[in-house]
Amino acid sequence: MRNYPTVEDHTGRTIGAEEIEAATRVLRSGHLTRVGGTEAAALEREFATLIGAEHAVASSSGSAAVHLAVAAVDPEPGDEIIVPPLTDFGTVLGVLAANAVPVFADVDPLTGCLTAKSVAACLTDRTRAVIVVHLFGCPADIDGIRQVCDPRDVPVIEDCAQAYLTRPAGGGYAGTRSLIGCFSLQQSKHITAGEGGLTVTDDERLARRMRLLADKGWPRDTGERNHLLLGLNYRMPELSAAVARAQLAKLAGSVERRREVAAALTDQLRDLPGLLLPPDQGHSYFLYPIVLDTAVTGFEHREYVGRLAGSGAPVGAGYLSRPLYRTTVLTERRTYGTSGFPLISPPARQNHDYAAVSCPVAEDLIERSLVIALINERFDDEDTAALAQVLAEAYKR
Ligand SMILES: Cc1ncc(COP(=O)(O)O)c(C=O)c1O
């Protein structure tokens, strides 16, 4: 059995002398909070510059980043926010935390991302925003979705937790093609500080609002000890920010290496009928997804992954065990006491019964056809060749 590099520890992470120096610098200074500190502020400037946005706001997690983005557009309780069902729960957590209602739109059968058509089908007069996830690093059709949303003044938010340096069609990096982009620095992401989040925007008013929302509504910029709105404490600690800055310097190299690994896998697997491989254009390969055309392969994802048992290949079936609308918090409306707020009418347009929701494409991916290879930037050529070989052998068996 082969030991592949894993993002769970140093084997699959690019953490070295630079991060140790950064953490030591902060510890030596004795100043660990971003309030009055320099590291989080520097991270914000550096990230904004790197990605091509006017402003960046650091926070404590990717989930916090999405919550800041949703709260920044200020939905009324019960307003609807369109989301995909095939993503980390962190995409919808902020919707619920802002007292809005997640409305699930189906996804593209190859990429797992929202489509313009599926978003259009879910728009109502209560839609307040759409959160587009660039799933696994694959660029979603941001132009198409904006063509549907812009005429109705529905803002688009990009969840780029898995999509650093992803390049959607039409130019620019993911996160800069909409009102607000959200990123995560959690352990498994392209770059990590263990936990952490970043939001980016070109809108100065929204940036200030997100700063307030991340800091108890406290207007540090005026020096006044007041609380201007309902904001939590989502501040990023200086230690995390310093480590994230060191990681930022390595981001381009990590994405480049992931692209090389993915290209080699695609090269080796492209001739196997019924394996639908990720579209390479602009992808940043947080993971390497394969969709089975089960009518051609004659087997489903669990059987395929089962055939890899004992090889050590880091490959999983489905990504999720259920679409997000089948999670207990939603099916049983476990929000505030027994109220069901805000998922019931009023304040919502209708009682939202998630047990009745169905997104057939997402369900097919999760239940039958989506296979995930957990690659990372530390895969060397041997790891990559070994993975390609066991994937091809398991297919032929
Ligand atoms: C697409 C997506 N959105 C949001 C999140 C939430 O990020 P975090 O785990 O940092 O809260 C994640 C992280 O897993 C994610 O993959």
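**Notebook: cores, sheets and rings**

I began with the largest nonpolar core, which has 67 residues. V70, I81, I82, F104, V130, I131 and I145 have the most contacts inside it. I noted at once that this is a predicted model. Then I checked the domains. Domain 1 (10-250) and domain 2 (251-320 + 361-396) both give residues to the core, so it lies between them.

Leaving out residues up to four places away in sequence, I found V70 touching P75, I81, G94, V95, A98, I131 and I157.

**The seven-stranded sheet**

I traced the strand order next. The sheet is open, has seven strands and runs β1-β7-β6-β5-β4-β2-β3. Its pairing is mixed. Which strands stand at the edges? I found β1 (55-59) and β3 (101-104) there. Each has a single partner strand, so one side of each is left without a neighbour in the sheet. From one strand to the next, the twist averages 25°.

I then looked at one pair inside the sheet. Strand β4 (residues 127-133) and strand β5 (residues 156-159) run parallel and are joined by four bridges. V132 stands opposite E158 in β5.

Two helices that pack on the sheet went into my notes. Helix α4 (residues 90-97) touches β2 (80-83), β3, β4 and β5. Its direction makes about 140° with that of β3. Helix α7 (residues 204-213) touches β1, β6 (180-184) and β7 (197-201). The direction of α7 makes about 15° with that of β1.

**Helix α8**

I wanted to know how many residues of helix α8 (residues 238-248) are buried. The count is nine of the 11, so the helix is largely enclosed by the rest of the structure. I listed the buried ones: E238, S240, A241, A242, V243, A244, A246, Q247 and L248. What do they pack against? I found α1 (17-29), α2 (39-51) and α9 (251-269).

**The four-stranded sheet**

I turned to another open sheet, with four strands in the order β8-β9-β11-β10. Here the pairing is antiparallel. At the edges I found β8 (275-276) and β10 (315-317). Each has a single partner strand, so one side of each lacks a neighbour in the sheet. Strand β9 (residues 288-292) pairs with strand β11 (residues 370-373) over four bridges. P289 stands opposite I372 in β11.

I checked the helices here too. α9 packs on the sheet and touches β8 and β9. Its direction makes about 25° with that of β9. Helix α13 (residues 360-369) packs on the sheet as well, touching β9 and β11. The direction of α13 makes about 90° with that of β9.

**Aromatic rings**

I counted 11 aromatic pairs in the structure. Why is the pair Y285 and Y288 stacked? The ring centres are 6.1 Å apart and the planes are at 20°, so the pair is stacked. Y285 is buried at 0% relative accessibility, and Y288 is buried at 0% too.

Y336 and F341 form an edge-to-face pair, 6.1 Å centre to centre, with 65° between the planes. Y336 is partly exposed at 43% relative accessibility, and F341 is partly exposed at 26%. My last entry is a cluster: F47, Y164 and F183 form one aromatic cluster.

Notes
Residues are numbered from 1 along each chain as its sequence is written. This is a predicted model: local features need pLDDT of at least 70, side-chain atom pairs count only at pLDDT 80 or more; totals for chains, interfaces and linings use all residues. Side-chain values use heavy atoms; hydrogens and water are left out. Two strands pair if DSSP finds at least two bridges between them. Axes are lines fitted to C-alpha atoms, for helices over the stretch in contact, and angles run from 0 to 180 degrees between N-to-C directions. Contact means heavy atoms within 4.5 Å. A nonpolar core is a set of buried Ala, Val, Leu, Ile, Met, Phe, Trp, Tyr and Cys residues joined through side-chain atoms within 4.5 Å. Buried means under 20% relative accessible area, exposed over 50%, partly exposed in between (1.4 Å probe, protein chains only). Domain bounds come from an automatic or database domain assignment. Rings of Phe, Tyr and Trp (its six-membered ring) pair if their centres lie within 6.5 Å; planes under 30 degrees apart count as stacked, over 60 as edge-to-face and the rest as tilted.
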